[in-house]
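Here is a short report for a reader new to this structure. Look over the sequence and the model, then read on.

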Amino acid sequence: MLWGLLTSLCCVFTGGLVLAVPGSAVACYACGYRSALRTKYNLPEAPCGDLTTHLFCHLCAICQEYREIRERTGSSSSSAPNVTPPPVQTMDEF
């Protein structure tokens, strides 16, 4: 909600869309992914529309989308990947 308020205030104080374009463009771009995700998993568009969700709470919308994908695919990012350390390294003297 704060992002939406900040975007609106920037638009009002600059007399146009000088600073409001980045926030609005990101919301328009990201709501397409949210719509595709809803279609793929047959999710309702509630409590508000995709554009409204991304415009006023973009970070919350991204977290929701991430959780939905993670739960539907059964993958968890909490497990660390297997990493093997490099062999013992030494420095040569000049």
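A polar contact is a pair of N or O atoms within 3.5 Å; within protein, one must be able to donate a hydrogen and the other to accept it. Keep in mind that this is a predicted model.

Arg 38 sits in helix α2. Is this residue buried or exposed? Arg 38 is buried, because its relative accessible area is 18%, and buried means under 20%. Its side chain makes polar contacts with two side chains, those of Glu 45 and Asp 50.

| Side-chain pair | Polar contact distance |
|---|---|
| Arg 38 and Glu 45 | 3.4 Å |
| Arg 38 and Asp 50 | 3.1 Å |

Setting aside neighbours within four places in sequence, Arg 38 is also in contact with Leu 43 and Pro 44, among others.

**Asn 42 in the loop**

Helix α2 covers 20-41, and α3 covers 50-56. Asn 42 lies in the loop between them. Its phi is near 55°, a positive value in a residue other than glycine. Asn 42 is exposed, with a relative accessible area of 69%.

**The cysteines**

How many disulfides does the structure hold? The count is zero. Cys 63 is in no disulfide. The nearest cysteine sulfur to that of Cys 63 belongs to Cys 60, 6.7 Å away, while a disulfide needs two cysteine sulfur atoms within 2.5 Å. Cys 63 is partly exposed, with a relative accessible area of 41%. Cys 48 also counts as partly exposed, at 32% relative accessibility.

Methods: Residues numbered from 1 in each chain as written. Predicted model: local features only at pLDDT ≥ 70, side-chain atom pairs only at ≥ 80, totals over all residues. Heavy atoms only, no water. Helix = DSSP H or I, 4+ residues; strand = E, 2+ residues; numbered from the N terminus. Buried < 20%, exposed > 50% of the residue type's maximum accessible area, 1.4 Å probe, protein only. Contact = heavy atoms within 4.5 Å.
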